[in-house]
Amino acid sequence: MGTLQILKKLITGSAKQPDKPRELGRVVPDASRCVQCGICGYNCPVGIPVRDYARQGLPVTDPACIACGNCVNLCPRGTLRWETSNHVIVLERFAEKMGDLDPLKEE
Ligand code: SF4
Ligand code: SF4
């Protein structure tokens, strides 16, 4: 498995959801990818209008979110992802490492 695949799995592939979703993080959209199909919200078991968040490019901050992952998994456009403080740390380290490996970077 390549580095990018491992990172993708770290970001989106968490099989086990924690007991306290708020500590896990939150669903974050990329508004530029959203086509407003509504699949995310239709499949949200607690009825959160995820599409409205996605359209505005806002994280899903509704406290009713149970971190089930349905919206992230079912979005046909890959608009939604999990964001956690751990993920941010991982991505920052990855970016640092990639900077070290940048062939255009001057020695
Ligand atoms: S499922 Fe994805 S593309 Fe469709 S409304 Fe939700 S975020 Fe947008
Ligand atoms: S993670 Fe689950 S509960 Fe939270 S907004 Fe998405 S579908 Fe709804």
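This report covers the fold, the ligand shell and the nonpolar core of a predicted model.

**Fold.** The protein has six helices and two strands. From the N terminus on, the order is α-α-β-α-α-α-β-α. The protein counts 107 residues, and 18% of them are buried. Take the contacts between residues at least 6 apart in sequence: 66% of these join residues at least 24 apart.

**Ligand 1.** The shell around ligand 1 holds 15 residues. Nearest come Cys 34, Cys 37, Cys 40, Ala 54 and Cys 75. Helix 4 provides the largest share, three residues. The shell splits by residue class as follows.

| Class in the shell around ligand 1 | Residues |
|---|---|
| Nonpolar | ten residues |
| Polar | three residues |

**Core.** The largest nonpolar core has 13 residues. Those with the most contacts inside this core are Val 27, Cys 40, Val 50, Ala 54, Cys 71 and Leu 80. Helix 4 and helix 5 (70-74) are the elements that give two or more residues to the core. Its largest share, three residues, again comes from helix 4.

**Where shell and core meet.** Cys 40 and Ala 54 are among the residues nearest to ligand 1, and both are listed among those with the most contacts inside the core. Which residues does Cys 40 contact, leaving aside its neighbours within four places in sequence? The partners are Val 50, Arg 51, Ala 54, Cys 71, Leu 74, Cys 75 and Leu 80. One of these, Cys 75, is also among the residues nearest to ligand 1.

Note on methods
Residues are numbered from 1 along each chain as its sequence is written. Chains are lettered from A and ligands numbered from 1 in the order in which they are written. This is a predicted model: local features need pLDDT of at least 70, side-chain atom pairs count only at pLDDT 80 or more; totals for chains, interfaces and linings use all residues. A residue is near a molecule or strand if its C-beta atom, placed from the backbone, lies within 6 Å of it. Helices (H or I, at least four residues) and strands (E, at least two) are DSSP runs, numbered from the N terminus. Ala, Val, Leu, Ile, Met, Phe, Trp, Tyr, Cys and Pro count as nonpolar, Asp, Glu, Lys and Arg as charged, and the others, Gly among them, as polar. A nonpolar core is a set of buried Ala, Val, Leu, Ile, Met, Phe, Trp, Tyr and Cys residues joined through C-beta atoms within 7 Å. A residue is buried if 20 or more other C-beta atoms lie within 10 Å of its own, exposed if 12 or fewer, and partly exposed in between; C-beta atoms are placed from the backbone. Two residues are in contact if their C-beta atoms, placed from the backbone, lie within 7 Å.
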